[in-house]
Amino acid sequence: MTKRISKLGPGDRSSIRWLVGRIHVAETDEAVRENITKRANPLLFTPGYIKAAGDYAVKVHHENQGLVKRMRF
């Protein structure tokens, strides 16, 4: 998974992080992955790159969930 994520450029990572930040932390991993892959244009990105974007989105989503858990008293 991390090997796939390393394919993403810094601009793509920033865009994905922004998009995932607007998704509620209670969403499932599948919903997050689907949200990102629906936005990816298959004419511009390879299937592997789109999978990497989905993997990165789920990773960021888990980081956001961790932040929420730490913020709760």
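1. His61 is buried in this predicted model, its relative accessible area being 0%, and since the cut-off for buried is under 20%, the assignment follows directly from that value. The residue belongs to helix α4, which runs over residues 47–71. Leaving aside residues up to four places away in sequence, His61 touches Val20, His24, Val25, Glu27, Asp29 and Val32.

2. As for confidence, the protein chain has an average pLDDT of 91, and 96% of the residues score at least 70. Among the elements, helix α3 (residues 29–39) has the highest mean pLDDT, at 96, whereas helix α1 (residues 2–5) has the lowest, at 74.

3. The protein chain contains four helices and zero strands, and its pattern along the sequence reads α-α-α-α. Its radius of gyration is 12 Å, close to the 11 Å that the globule rule gives for 73 residues, so the chain is as compact as a globular protein of that length. The C-alpha trace spans about 45 × 20 × 20 Å along its principal axes.

4. Of the contacts with a separation of 6 or more, 70% are between residues 24 or more positions apart.

Conventions:
Residues numbered from 1 in each chain as written. Predicted model: local features only at pLDDT ≥ 70, side-chain atom pairs only at ≥ 80, totals over all residues. Heavy atoms only, no water. pLDDT = per-residue confidence, 0-100. Helix = DSSP H or I, 4+ residues; strand = E, 2+ residues; numbered from the N terminus. Buried < 20%, exposed > 50% of the residue type's maximum accessible area, 1.4 Å probe, protein only. Contact = heavy atoms within 4.5 Å. Rg over C-alpha atoms; globule rule 2.2 N^0.38 Å.
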